[in-house]
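Below is a short report on a two-chain model, written to be read beside the sequence and the coordinates.

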Amino acid sequence: MEKLLLLGDEAIAQGALDAGISGVYAYPGTPSTEITEYIQSSKQSKENTVRSLWSANEKTAMETAIGMSYAGKRAMVCMKHVGLNVAADPFINASITGANGGLVVVSADDPSMHSSQNEQDSRFYGKFAQIPVMEPSNQQEAYDMTRYAFELSEKMGVPVLMRVTTRLAHSRSIVSRTDKPLQQNSLRLPSSPKQYILLPVNARKQYNGLLQKQDIFEQDAADSGYNVFIDGDDKSLGIIACGLAYNYLIENFPDFKIPYPVLKISQYPIPADMVKKLVDEVEEVLVMEEGYPLVEELLRGLLNEGKKIRGRMDGSLPRAGELNPKLVAKSLGMEVHNGFDLPGVLVGRPPLLCDGCPHTDSFLALNEVMKKYSRGRVFSDIGCYTLSALPPLESIDTCVDMGASITMAIGAADAGLVPSIAVIGDSTFTHSGMTGLLDAVNNHSPITVFILDNSTTAMTGGQHSSALNRLDDIVKGVGVDPEHIHVIKPLRRLHEENMKIIKKEVEYEGVSVVIARRECVQTLARRMKLKALEKKKAKQTAS
Amino acid sequence: MKKDIIISGVGGQGILTIAATIGTAALIEGLHLKQSEVHGMAQRGGDVQAHLRISSGPIASDLIPEGEADLIISVEPLESLRYFNMLNTDTGWLITSMNPYNNISNYPQLEEILNAIWKLPRYVTIDAEKVAKDQGSIKAANIVVLGAASPFLGLKYTSLEKALEKMFSRKGQDMVTLNLKALKAGKNYTEKHT
């Protein structure tokens, strides 16, 4: 059996390849990006022509995967947790159509918000869609469960949600790989011809079918082996540990032997019988889960009149943020070790725009133009340029969700805040900004949209941008007056010239677009390095 | 055998190379390993760290418990302070470069930083850039720091050498030689100064 050193994300990717996927569909987002990147660079994927290009956004990714599943093949969709909000419409409806070829949706949550606007818990989406959810606790499980999720999806005829969190996504460990990877499915349309036509008459039937499957989902979660009851002699406490929390629990005990009965949860819906067995034999229950208190809240109920349930809701564990071994030890009343005190001289080192970043020159020009107006007019978006909120630039006033810069600027202008400015990156613009710009054109909004085109999806590490070489045509095609579309090159030496253009368009009382185009310094450096390496190689072979 | 190691620095300083070298050496010796890394937003010139755990037995948590790290390996002095709370007060060693990476306006006086480090019971502070330069290139400063930490890793020195050869062979024999020299120079420094 081959052993591989893989990130949790990469284990999912390898699991999917070995489960015979025909395609992965995704938009980059921390901590999910490495799943798709692994498949893109995998030899196995090239040999089997697994489709793996980036999608424009999570919704298009989800729908494309539904199409592949419809055609009978196995498809995976990957995104960060907030990406599932973007894809929520097709995601929820895919639970009604059901899956034909195996359909697995991976959502990577980011508790403690290392790189995100919130710490929403994707398990609630699984409950919302009423489909099975897998939550691996380590890299091996991530690999094994991905394959299982595809089998489960086809056996039950529904999509399966796979939920991971940052610490598993971005942690490496050894994974044993199967000797028997599966072949891809052949083309096979759904046997029920109306399954995917969600007219009310069909949708009601489909929905009833989904409801009837709920008991089977729960039965499978009890039988699959991924939820495990481990008995213990000390019945004063019972522990329910979900996903990654199980590792933090056993970390605190030598040889991983826990004196209390433990229920390890890695597959949902939670089997009620297993929970009842635990609750019946202990005095009180401690629930450990990464994210929101989903299981804890279910157990407590609204009135909380049963056995004592401890966890994030009663303060045994913090209500927000990710767990760690020390927090878990404290909740068990164990003694914890402290390290040395942090020295008083220590200061923070927040992330910054890189040296030579084109965004810096763009914002320096914009800042100067905006000096004469009152503050609070620059609506921004999700990307590297969000860092311009911090000193020294302090250029932007909002960052809410992908694409919200343009639409919020429209709303603020409608309210009387004229001029309003939207600042958005090229990849974010094609993700969710284009439709907002159409609204602005139809609304004749007095806004200036500043598209920072660094020709890549930079924040997540320089993935292909769907906007590449298409931006100018899209902006024209949406209906912005060509006289008010400008392309500038954000460079220090062109500062005066650029400022004049921005100033003129900010003063114009209609929709204007300024595209600031200069390649990201990171992707540029990488390209140059590759070029130099190829040159060196060519020279060596020539001599 | 079990070692919990925090590796710290600023995004782009090569901490993942250090982690990968130790990880590869651990695999050569047939040890278990877990390595938690930072990706995403924090990489943009901000503070970054990796938790590396190697052990002869299975490892549970991807994160090192607070106050239990055996070793902090830092390629930047200010960044080494950020993880004092992770270090085991009875046994932990701190190995850090003395070369500041100053990309913030309120960067403290280097002397104050070093004074905080020198109050610890067990530390090695090394001018890694100078040592690396003496070996041929300042670029190998991160491997000098790794060399300085090598006596505390619980791994055979030859495993680290093999790991470096494996990792840098793709970049040519010059790079392999440079990094092996840098590793050795770092090791020599620690042996002379502890």
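Predicted model: local features only at pLDDT ≥ 70, side-chain atom pairs only at ≥ 80, totals over all residues.

Residues are numbered from 1 along each chain as its sequence is written, while chains are lettered from A and ligands numbered from 1 in the order in which they are written.

**The sheet in chain A**

Helices (H or I, at least four residues) and strands (E, at least two) are DSSP runs, numbered from the N terminus. Two strands pair if DSSP finds at least two bridges between them. In chain A, 5 strands form an open sheet with mixed pairing, in the order 8-10-9-12-13. Strand 8 (228-230) and strand 13 (308-310) of chain A are the edges; each has a single partner strand, so one side of each is left without a neighbour in the sheet. On average, and with direction ignored, neighbouring strands of this sheet are turned by 20° against each other; the axes behind such angles are lines fitted to C-alpha atoms, for helices over the stretch in contact, and angles run from 0 to 180 degrees between N-to-C directions.

Strand 12 (residues 284-288) of chain A runs parallel to strand 13 of chain A, and 3 bridges join them. Strand 9 (residues 237-242) of chain A is also parallel to strand 12 of chain A, joined by 5 bridges. Here Ala241(A) stands opposite Met288(A). A residue is buried if 20 or more other C-beta atoms lie within 10 Å of its own, exposed if 12 or fewer, and partly exposed in between, with C-beta atoms placed from the backbone. Strand 12 of chain A is largely enclosed by the rest of the structure, because 4 of its 5 residues are buried.

**Strand 5 of chain B**

For strand 5 (residues 93-97) of chain B, 5 of the 5 residues are buried, so this strand too is largely enclosed by the rest of the structure. Trp93(B), Ile95(B) and Ser97(B) point one way, Leu94(B) and Thr96(B) the other way, and all are buried. Ile73(B) stands opposite Ile95(B), and Ser97(B) has Ile126(B) in strand 6 of chain B as its bridge partner. The pairings of strand 5 of chain B are listed here.

| Partner strand in chain B | Direction | Bridges to strand 5 of chain B |
|---|---|---|
| strand 4 (residues 71-74) | parallel | 4 bridges |
| strand 6 (residues 123-126) | parallel | 4 bridges |

**Two helices**

Helix 17 (residues 404-414) of chain A is mostly covered, with 9 of its 11 residues buried. Among them are Ile406(A), Met408(A) and Ile410(A). Two residues are in contact if their C-beta atoms, placed from the backbone, lie within 7 Å. The cover over the buried residues of helix 17 of chain A includes strand 16 (420-425), helix 18 (426-443) and strand 17 (447-453) of chain A. Just after this helix, Gly416(A) takes a positive phi of about 115°.

In helix 6 of chain B, the buried residues are Ser159(B), Leu160(B), Ala163(B), Leu164(B) and Phe168(B). Seen down the helix axis, they fall within an arc of 150°, so they line one face of helix 6 of chain B; the arc is that of the directions from the helix axis to the C-beta atoms. An α-helix has 3.6 residues a turn, so residues three or four places apart point the same way. The buried residues of helix 6 of chain B pack against helix 1 (15-28) and helix 7 (173-193) of chain B.

**Domains and the chain contact**

Chain A is divided into domain 1 (3-212), domain 2 (228-331) and domain 3 (358-524), with bounds that come from an automatic or database domain assignment. The C-alpha centres of domain 1 and domain 3 of chain A lie 33 Å apart. Their contact takes 10 residues from domain 1 of chain A and 11 residues from domain 3 of chain A.

Ala56(A) sits in the loop between helix 3 (43-47) and helix 4 (58-70) of chain A. Where neighbours within four places in sequence are left aside, Ala56(A) is in contact with Thr430(A), His431(A) and Ser466(A). The C-alpha atoms of Ala56(A) and Thr430(A) are separated by 6.4 Å, although the two are 374 residues apart along the chain. Ala56(A) counts as partly exposed because it has 17 C-beta neighbours inside 10 Å.

Between the chains, 40 residues of chain B are in contact with 40 residues of chain A. On the side of chain B that touches chain A, helix 1, strand 2 (32-36) and helix 3 (110-118) of chain B are the elements that give two or more residues. Strand 2 of chain B provides the largest share of that side, 4 residues.
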